[in-house]
Amino acid sequence: MIARAVFAGLLPLVAACGPVPVDQAEQSCLRDAEMAERPRGSIAMGVGSGSGGTRSYGSVQLEISGDYIRGRDPSDVFNRCVQRRSGQLPDRMLADQPGWRGSR
């Protein structure tokens, strides 16, 4: 009886791991393709003042994917990602995806 209750509690988690629709996979895999094309980063700098005086601050954030380091083609990364998540090939190639701003 306990095993049945545990299984019933895990069933929604197992179902969530199944394939997703192709269009949903295409949308979520777009980021993987963008990261394979080039790293992303940001720099923030500022100055603040208060009772303790004037202080400066800064931060640097850099995000690099393993696909970029390995020199993988963003289209190939996109196709593999969609197939892995949906079990099917993409309906549209990467260059035809809405929101793709990669090099053409």
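**Exercise 1.** Is glutamate 63 buried, partly exposed or exposed?

Start with the cut-offs: buried means under 20% relative accessible area, exposed over 50%, and partly exposed in between (1.4 Å probe, protein chains only). Glutamate 63 has a relative accessible area of 37%, so the label is partly exposed.

A quick word on the set-up: this is a predicted model, where local features need pLDDT of at least 70 and side-chain atom pairs count only at pLDDT 80 or more, while totals for chains, interfaces and linings use all residues. Residues are numbered from 1 along each chain as its sequence is written, and side-chain values use heavy atoms, leaving out hydrogens and water.

**Exercise 2.** Find which residue forms a salt bridge with arginine 31.

Step one is the criterion: a side-chain nitrogen of Lys or Arg within 4 Å of a carboxyl oxygen of Asp or Glu. Step two: arginine 31 pairs with glutamate 63, with the closest N and O atoms 2.7 Å apart. Helices (H or I, at least four residues) and strands (E, at least two) are DSSP runs, numbered from the N terminus.

**Exercise 3.** Work out how S1 and S2 are joined.

Strands pair if DSSP finds at least two bridges between them. Here, eleven bridges link S1 to S2 (residues 53–63), and the strands run antiparallel. The hairpin between S1 and S2 goes through two residues.
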